[in-house]
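Me: Here is a structure to go through. I would like to know what stands behind the labels used for it.

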Amino acid sequence: MPAQTRPQVRAVHCDHTATDEAVYEALQRATAPLDVAWEKLRKAKSIAIKFNQDKAPHAMVMFKGQRQQLVSDSVVRATLRLLRERSDARLLCADCSFYATYNGETVENTTNVTHLLREFEVEYLDGTKPPFTTVQTPGGGLMFDQYPMMQGVIEADEVVSVATIKNHAFMGVTGCLKNLFGLMPTEPHGARASTTTTSCVCRTCWPTWAAS
């Protein structure tokens, strides 16, 4: 692969006890050289952001004041602050709550960053409700040939994925790619998105899919 086409990967260290300002400065250092990405974000009229943040309070795992399995408030705040400083786009937080769909919770109860969305005037796109659209996988896909997606995400000019690294039952290591699965509507809207097999990979449907 030619060097000029390789994606840039940046990493900086930030302790879990760091202040909001320290986290912001770390994120600023990490993303400052990403000129191409920032130029796209600068031109965007709307940006959909998928934070790995949805979880019912009773299932929350904490470690020294931080959400162990989800992005922290300081990371969310730093991300939104940078986007507000470097873009005039309409910001949208998109998510499809697993807990609201399958565990009888409410989106209001499982959205852990509501206070930050209000602070930065970010709209929330609720993926448990329509409108939805079906999009084809470029090249036909290796697992699914098409996916149901939130209409608001498809209409956004750019998408930003903010996740935490952790292990996962069938992904092995989860990250920003796995985080984007949270943008797909669950049952009944997303139960059969593919013409060849189900695209629902929730805990309810995955054993059936894997055995088929």
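Predicted model: local features only at pLDDT ≥ 70, side-chain atom pairs only at ≥ 80, totals over all residues.

Me: Why is aspartate 157 called partly exposed?

Reply: The relative accessibility of aspartate 157 is 42%. Buried means under 20% and exposed over 50%, so a value of 42% falls in between and aspartate 157 counts as partly exposed. Aspartate 157 sits in the loop between α7 (151-155) and β8.

Me: What does aspartate 157 touch, not counting residues up to four places away in sequence?

Reply: Ala44, Lys45 and Ser46. Leucine 41 is 116 residues away from aspartate 157 in sequence, yet the C-alpha to C-alpha separation is 8.3 Å.

Me: What makes the pair of aspartate 157 and the backbone nitrogen of lysine 45 a polar contact?

Reply: A polar atom of the aspartate 157 side chain lies 2.8 Å from that nitrogen. The cut-off for such N or O pairs is 3.5 Å, so 2.8 Å meets the distance condition.

Me: Is asparagine 179 buried or exposed, and how do you know?

Reply: Asparagine 179 has a relative accessible area of 6%. The limit for buried is under 20%, therefore asparagine 179 is buried. The residue belongs to helix α8 (residues 176-179).

Me: Which side chain is joined to that of asparagine 179 by a polar contact?

Reply: That of serine 161, at 2.9 Å. With the limit at 3.5 Å, the distance qualifies. Beyond four places in sequence, asparagine 179 is also in contact with residues including Lys50, Phe51, Asn52 and Val162.

Me: Which residues have the most contacts inside the largest nonpolar core?

Reply: Ile47, Ile49, Phe51 and Leu80, in a core of 24 residues. Among the elements that give two or more residues to this core are α1 (20-31), β1 (46-51) and α3 (73-86). The largest share, five residues, comes from α3. Another core, of 12 residues, lies apart from it and includes Ala48, Leu92, Phe144 and Met149.

Me: What is isoleucine 49 in contact with, leaving aside neighbours within four places in sequence?

Reply: The partners of isoleucine 49 include Leu80, Leu83, Leu91, Val160 and Val162.

Me: What is the volume of the largest pocket, and which residues are closest to its centre?

Reply: The volume is about 1900 Å³. Of the 48 lining residues, Leu27, Ser161, Val162, Ala163 and Cys176 are the closest to the centre. Elements giving two or more residues to the lining are α1, α2, β3 (66-67), α3 and β8.

Me: How many residues of each class does that lining have?

Reply: There are 30 nonpolar, 12 polar and six charged residues in the lining of the largest pocket.

Technical notes:
Residues numbered from 1 in each chain as written. Heavy atoms only, no water. Core = buried A, V, L, I, M, F, W, Y, C linked by side-chain atoms within 4.5 Å. Buried < 20%, exposed > 50% of the residue type's maximum accessible area, 1.4 Å probe, protein only. Helix = DSSP H or I, 4+ residues; strand = E, 2+ residues; numbered from the N terminus. Contact = heavy atoms within 4.5 Å. Polar contact = N/O pair within 3.5 Å; in protein donor to acceptor, adjacent residues only side chain to side chain. 1 Å grid on protein atoms, 1.4 Å probe; cavity = no way out; pocket = protein on both sides within 12 Å on 5 of 7 lines; lining within 4 Å. Points joined across faces, edges and corners; volume = space filled by probe spheres on them. Nonpolar A, V, L, I, M, F, W, Y, C, P; charged D, E, K, R; others polar.
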